[in-house]
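I opened my notebook today to look up surface features and charge pairs. Here is the structure I worked from.

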Amino acid sequence: VAQNVYERIVEAGREYSLMHVGYYALRQLRIEKFYVYWGEDINATVTPVECGRSFRVDFKPDEYEALRHAFRVDFTKEFIGKAALMKQLERGVSKRFVQLLVDNHDKELDPWPQGGEIVYRDGKPVGRTTSAAYGFTLGCQVCTAYVENKEFGISADFLNKGAYELDIAGKRFPVRVHLHSPSLPMISSEHPLHYRPTQSDISLS
């Protein structure tokens, strides 16, 4: 049955330039979409506010009254850490998870980031990268990192006004800082030929 399903998917996917990919391809795709990776980007010491995922926290359990009656679960109870998260939302945080797009980098000649590189703002170190991969859709090296400002906290103004650089093996490269992933091309089911991979020379070997 599984072989039959696989063959049908491959057959249907030819119209959409379907390609076989592996786990490392998924990691490259997720970093372009700014999806976090457990153990590298986030862990038990990082809060949802610091990594920009507070929208995944249910701060209003009263909206689930129907579920409470159906499953006999008390959604109105305070969860552990709620008060601390509310305080962070009100006062702000001293570090923030960001996406970095590396400029002026030659993927054939320059060293590639691996994670752990120092991030500079206006010449001063403000954080380190957590993950890195080449973004074939964005056409540049893409990193995730935490930017810190323990003195005044992290604000949109702090992130937008600084000149950022990334130290890769002793060489600094200018980077663009994002709190959200840039727009990526979408595949249209009605017009599949409108989309093609941006890199036609990708080897699967």
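Before looking for patches, I noted the rule: a patch takes residues with over 30% relative accessible area and no salt bridge, and nonpolar side chains are joined within 5 Å. I also kept in mind that this is a predicted model.

**Entry: nonpolar patch.** I found a nonpolar surface patch of about 500 Å², made by Met-19, Val-21, Tyr-23, Leu-26 and Leu-29. I looked up Leu-29 next and placed it in helix α2, residues 23-32.

**Entry: salt bridges.** I counted eight salt bridges in the structure. In one of them, Arg-27 pairs with Glu-40, with the closest N and O atoms 2.7 Å apart. This pair links distant parts of the chain, since Arg-27 is in helix α2 and Glu-40 is in the loop between α2 and α3, 13 residues apart. I read Glu-40 as partly exposed, at 34%.

Lys-161 pairs with Asp-157 at 3.3 Å between the closest N and O atoms. I see both in helix α5, four residues apart, about one turn of the helix. Lys-161 is exposed at 63%, while Asp-157 is partly exposed at 45%.

**Entry: second largest pocket.** I got about 230 Å³ of space for this pocket. Its lining has 14 residues, and the closest to the centre are Phe-34, Gly-52, Arg-53, Phe-55 and Arg-56. By class, I noted eight nonpolar, three polar and three charged residues in the lining.

Terms used: Residues are numbered from 1 along each chain as its sequence is written. This is a predicted model: local features need pLDDT of at least 70, side-chain atom pairs count only at pLDDT 80 or more; totals for chains, interfaces and linings use all residues. Side-chain values use heavy atoms; hydrogens and water are left out. On a 1 Å grid over the protein atoms alone, a cavity is a set of points where a 1.4 Å probe fits but cannot get out, and a pocket is an open set with protein on both sides within 12 Å along at least five of seven lines; lining residues have an atom within 4 Å of a point. Grid points are joined across faces, edges and corners, and a volume is the space filled by probe spheres set on the points. Ala, Val, Leu, Ile, Met, Phe, Trp, Tyr, Cys and Pro count as nonpolar, Asp, Glu, Lys and Arg as charged, and the others, Gly among them, as polar. Patches are made of residues with over 30% relative accessible area and no salt bridge: like charges are joined within 9 Å, nonpolar side chains (Val, Leu, Ile, Met, Phe, Trp, Tyr) within 5 Å. Accessible areas come from the Shrake-Rupley method with a 1.4 Å probe; for residues, only the protein chains shown count as cover. A salt bridge is a side-chain nitrogen of Lys or Arg within 4 Å of a carboxyl oxygen of Asp or Glu. Helices (H or I, at least four residues) and strands (E, at least two) are DSSP runs, numbered from the N terminus. Buried means under 20% relative accessible area, exposed over 50%, partly exposed in between (1.4 Å probe, protein chains only).
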